[in-house]
Structure formats: structure tokens, C-alpha cells
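Here are my notes on the model, as numbered points. Have the structure open next to you while you read.

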Amino acid sequence: MALTTSLAGRVRNTSLPKSHALLPLLEAVVNALQAIDARFDQDVEQGRLRVTIERSGQDELDFGPSGPGRVALKPIAGFTIEDNGVGFTPDNMSSFETLDSDYKASIGCRGVGRLLWLKAFDRVSVRSGYKDHSGNLRVRKFKFSVAHEVEHVDESGDFTETGAIVHLSGFKEAFQRSAPKSVDAIAREVFEHCIWYFLRPGGAPNISIVDDEIVSLNKLMEEFIFSKLPNTSINVKGKKFDMVNLCLKSSTRNQTPRLYWCAASRVVLEENLAGKIPGLYGRLKDETGDEFTYVCYLSSDYLDTHVRADRTDFDISERFTEATLEDDISLEDIRSGVLGEVERFLSDPLANARKEGKARVNEFVSRHAPRYRPVLSRLESLGTTVDPSIKDADLEILLHRSLQKLEADAITQGQAVFAEAGSTPLEDYQERLGQYLSTLNDINQSDLAAYISRRRVVLDILSKLIRSSQQGTYSREDAIHALLIPMRTDSNEIGTDASNLWIIDERLAFHDYLASDKTLKSMPITGSDSTREPDILSTRLIDTPVLAAEGETLPLASIVVIEIKRPMRNDASEDKDPILQSLDYVKRVRSGGVLTASGRPIPASQESPAFCYIVADLTPTLVSRCEYANLRRTHDGLGYFGFNESAKAYIEVISFDRLVNAATERNRAFFDKLGLPSS
């Protein structure tokens, strides 16, 4: 019993990703090239192939960037592909009418190209001139559609030589929107798909893409190629793979190194090779200093055999699995062989690129990221190489990821070393332990460098916050407060690294409890329901001191109060005196009823030392309050200090300039060590 085939079903089951929207056109172009080859054999330069882009009359909605002279392109309605090949001979026509024909299987054809036409286009019409078995010129015309399959029509025509005109019309919207729009983009895609025909001995016929302008692919070839490297081949598990190696000109739009996986003289897959070989990124330089981009076109009988019917991928596993046969070849096997060969014959340009990349990393680390200097040599041993043109942000991410890998490897190494303690010879164990400790020491130095670099950045931000804007305004108190320590938090909610109180006093890192922008009633350490504390700790930054009590020994070891004012604020008065506010807060804490962070009561004590810091600019009203409190001016004139005998409290009024200067001076030695600017 004979089986019948449904064309509609075959089209429905044929895959065509929208990312390959031009594949039907590319299949038609390859068919035309094969027809030209069949007619002219070794003299293909006599061949002509012309692709005409047909656009609809409706203007396309243009969502792209606007600019002078930019015109929105009209939607593509179809294509006409004309060639002067052998035409639709009886054998070709018979093959066309046979689904899954193996007529041209020897040159890699799968008989699915015409199915892709119907997948993306509503209608196909063909006119062709061909020679019959007697050598007479004949004409053939037919239509091709899902609904009516092949419909032969009147065969009269004016062909003077053999050839074919294939008209693909009714470009379906889903594919039309995903396809390239401009004639240049379409020409480039056709060129790259069919580049094998340009690279082979004998070259390619005259191919042009026609829109409002004509683009010659033969001239594009001249603009495309910088120089041609020697063709090479690799052997993977007994299978030969041929490599056509090209140096593309630096003016080429796509400047990433690429590997084109080919089958049946067509490009099937495009793979970005950037970073897959150390030093292979964008452009390389030859021995004269000229820049080029490397690309490789890979072909093989093995790839021809294993290409999928729709020619968008290969039926080859990406890598081995447990079920993989020993003699099977994976894409990873092939890729590994290609990369090894590329690294061999591009050894000099790659070495120069790695050298430039290393210089780029060293320059970035010296200027912006000194934390990586202690581990830089170790990162290089991990194969961390960079594109010399990489952006600072991308380089920072790359170095950070490499450092994370180094830290993970160190943890694994440490676990292995300590697990072997006592079970390996002492000399071997000491050597491995020494290697581990050396790595750990470099990582710890990197962490310290990162911490110091962070301090430099914080001081830079603070310096900007205290300056007036172009409009003459100053930052709000909460911006400065948030930089010193997050607002509305306490030490039970934030880690020690979350605050920058070291700017005021390094000792503030050691505390039993620390509250920021909280009322006394809201503090978990007080156990108090009192609402009489808004002048000491409230939601307003002007009345928002920070309390730090060192240790848990009883009675309370010390009290620290910090008041922050808005830069250049000039409203200090008897009612709004930050000095009196701080002293009053000290008095309330000393009166008892307060708990430590562990919940133990702090008894009343009038002997606990107290330190009050007022961070504010020395405006006239604040200077007046300092003089009223009998404080002495500092030697640099940027602050006041003194001791209040009755309150037993040390008071320091610090201007923002003095705050930044003092913090910078305390850290200057560390900044200098890392090569960071001190001011």
C-alpha cells in the first residue's frame, strides 16, 4: 500500500525560528548558485544572480532612533531571485515535486528549502528557461502554495537563455518583522551565509542585491577581507574538519572573532569566540600593527551528514554524557580542536593582545582597584585575560568574579589540606599547607585593600555632600547621616561594616549598643515607655543623636552622643542648642533605667565618662553657643573642644571640613600604600 504525504502537514511540521527569518531567501540563493555551478562548471564568473527586494506601499512604523536624514523603511513584501543557471530541467522539476528528494543529496541538499519558502511566504511563483534532452530551449512556469501545491501554468515566455526567476511574495508578518530591513543588512547576511562560494577555488558568480540601490556582494568581498590566512585542517577522532581562516578588516561592523559552522556550502551556526582563547577578543594586530578580526569557516563531511533538515543546527551533542559512545564526536570536541589550531597559527597576535590586556589590568588596578594587586599574579594563573578595550565597569566585574573563584578554590584547597593532617608525610603536608596559607594571605591582603579603598570612596562622597550645589543649596542632614550610618536602625539590625562612624572616631566600632534616628521609647535596650525624649532622639535629624555604649560591664563604661547638623545651618539658639541637647541626653542615660544590649540593667552612675560630638559648620549662631559653653577653638580654627565639669563630659564641635581633613590624615598612610590619592 503506497503512502501519501501531506504538503500542508510537512510545512506545519517544518521548523523555522524567527531568528532565521531570511533562511528561505538564503535557500533560494543557494539553489541559484548550484544551478549556476551546474551550467558553467569551473567558469562560474559567467554566472549572474540578482536578488530584488520588494516592499509594500505602506509605511512601516518606525520605532528606531531618529536622526537627520533617517528614513523609515517600508515593510518587505517579498523577494525575486533571478539567475542564469541550468533552470528547472525535467530532473530538477521532478526533484522539486518530490518531498524529501535525495536528488542533490551528494552536495548536502535535504529537499526542505522549498518547504521553508511556504513557511515564511504565502505564495511562490517560478518562471524558468531550460534545455530539454534534445538541447532545445524550453520554458516552464508554475505556482507553489500550501493550498494548491504545484500548479503548472502557461509555458510561453521570452527566455533567451537558461535560468530561473523565483518570486517569493506575501512575507508573513511574524517573519517580516524579525528579518533585517535595510539592503546593506540583507546583503551582508546573504554574503556571510554564502561566503563559501567566494572563498572556494574559482570564486563566485556576479551576485547583487537590489533595492533603491544596488549592493554588489563581489565588492563586499573586497571590503570584507583584510587578508586570507592559510587554510588548515584538524582531525577529531579520525574525522577531518577543514578550516578557512580569514582576517577581516577593522572597519567591519561585527568586530568579534567568530566561528562559522558550515554544512553543504552553507553557514549553519555562528559562534562568538571572544574570550575562548586568552587574548582572542575583538581586533588583533598583525606584524605591521594593522588591526584585523579573525573568523573561521569550518566544514566537514561529518558536519554535512549531521546537519538538521532545517539547517539551523546539528544533530551533534554539545558534550559527552555517560551514555555517549566512546567514538562519538561532540561539538565540544570539535570546538576544542579548532581553538587549539587557532591558538597555534595566531600565536604572535594573541601574545601581543595578552600583553596589552595585562597592561590594561595593571593600569586599572593601580588607578581604581588596588584591592586586586595582592592577588593579581594568582588571577593571571587562573587564565584571567581581558580585552584591552574593555570598559572599567566590565573589568571590575571580571576581576571580582575571578577573585571569587580564587577564594572558592582556596576554601577547597584548605579543606583538603586539613583533612589530610596526620595522614601524609610531614614534608608534603607542610609544602601544601604553605601553599594554602600563601594564597590565604594574598586574599586577606586583597580584602584589606578593598576596605581601605572603600574608605577613600566614602570620604570622596562626604566631601561632595558638604559642598554647595550649582544652585547654592546644601545636602540635607539625612544624606550625611545615612552615609555615616543607616537611619532608623540600631546595632541589632545592621552589621559593623554598615556604618562609617570611623570618620568621627575609630573607637565607635566598639560598642554594646548603637542606635541611629530612633526615639528612646523605640529602643529595645531601654525598656522605657517614656515619650519625653524627642529633643534627644527623634525622627528629625537635627534632634537625632547617635548613642554608643562601650562594653557590657556595669556600671556603664562610656557614653557617646553624636549630633549632626545640615551644612551651613545657622539657627543654633538656646532652644536649639546641640551642645545642651547632647548633655541632656547624657544626663538621662546616667539616671538609670537603661539596659545593655543583652538586657541587663544599667544602674545610675554619675561617673561614666561621656563624649559629645557635634558635627556642623561653624556658623555665627553655633560659634556663639560654643563660646557660651566656654569651649576652646582648635588650633586650625575649624572646631571647638572642652570639658564640662558639672556634666563630666568631653565636648567636641567639628566642622565638616575638619571632619574630612582629620579622617583623611588618619588614613593617609594606608591610601599612600595603595597608591590612592589622599585628597
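1. Strands here are DSSP runs of E with at least two residues, helices are runs of H or I with at least four, and both are numbered from the N terminus. S3 and S4 run antiparallel and share eight bridges; for two strands to count as paired, DSSP has to find at least two bridges between them. The two strands make a hairpin with five residues between them, and Gly 135 in the turn has a positive phi of about 90°.

2. Before going further, a word on what you're looking at. This is a predicted model, in which local features need pLDDT of at least 70 and side-chain atom pairs count only at pLDDT 80 or more, while totals for chains, interfaces and linings use all residues. Residues are numbered from 1 along each chain as its sequence is written, and side-chain values use heavy atoms, with hydrogens and water left out.

3. How confident is the predictor? The mean pLDDT (its confidence in each residue, from 0 to 100) is 78 for the protein chain, with 74% of residues at 70 or more. Residues 61-70 fall below 50, and that stretch has four contacts in the model beyond near neighbours in sequence; a contact means heavy atoms within 4.5 Å. Residues 530-545 also stay under 50, yet the model gives them 54 contacts beyond four places in sequence. Where pLDDT is low, the predicted coordinates should not be read in detail.

4. Some overall bookkeeping. The protein chain has 18 helices and 25 strands. Of its 679 residues, 47% are buried, where buried is under 20% relative accessible area, exposed is over 50% and partly exposed is in between (1.4 Å probe, protein chains only). Among contacts with a separation of 6 or more, 65% are between residues 24 or more positions apart.

5. Back to the sheet. It is open, has eight strands in the order S5-S4-S3-S6-S2-S1-S7-S8, and its pairing is mixed. S5 (149-152) and S8 (214-216) are the edge strands with a single partner each, so one side of each has no neighbour in the sheet. From one strand to the next the twist averages 15°.

6. Now the other pairings around S3 and S4. S3 (residues 121-131) is antiparallel to S6 (residues 163-171) over eight bridges, and Arg 127 has Ile 165 in S6 as its bridge partner. S4 (residues 137-145) pairs with S5, again antiparallel, over four bridges, with Phe 142 opposite His 152 in S5. At the S8 end, helix H8 (residues 217-224) lies across S7 (206-210) and S8, at about 55° to S8; axes are lines fitted to C-alpha atoms, for helices over the stretch in contact, and angles run from 0 to 180 degrees between N-to-C directions.

7. Phe 142 turns up again among the aromatics: Phe 88, Phe 96, Trp 117, Phe 142 and Phe 144 form one cluster. Arg 114 lies over the face of Phe 96, 5.4 Å from the ring centre. The cut-off for a charge over a ring is NZ of Lys or CZ of Arg within 6 Å of the ring centre and within 35 degrees of the ring normal. Arg 625 does likewise with Tyr 628, its charged end 4.7 Å from the ring centre.

8. How many aromatic pairs does a search of the whole structure find? The count is 15, taking rings of Phe, Tyr and Trp (its six-membered ring) with centres within 6.5 Å; planes under 30 degrees apart are stacked, over 60 edge-to-face and the rest tilted. Phe 191 and Phe 198 are a tilted pair, because their planes are at 55°, with the centres 5.2 Å apart. Trp 261 and Phe 314 are also tilted, at 6.4 Å and 55°. Trp 261 is in strand S12 (residues 258-263) and Phe 314 in the loop between H9 (301-306) and H10 (331-345), so the pair ties together parts 53 residues apart in sequence. Trp 261 is buried at 2% relative accessible area, and Phe 314 is buried at 1%.

9. Last, the hairpins further along. S23 (residues 632-633) and S24 (residues 639-644) are antiparallel, joined by two bridges. S24 is joined to S25 (residues 649-654) by six bridges, also antiparallel.

Terms used. pLDDT = per-residue confidence, 0-100.
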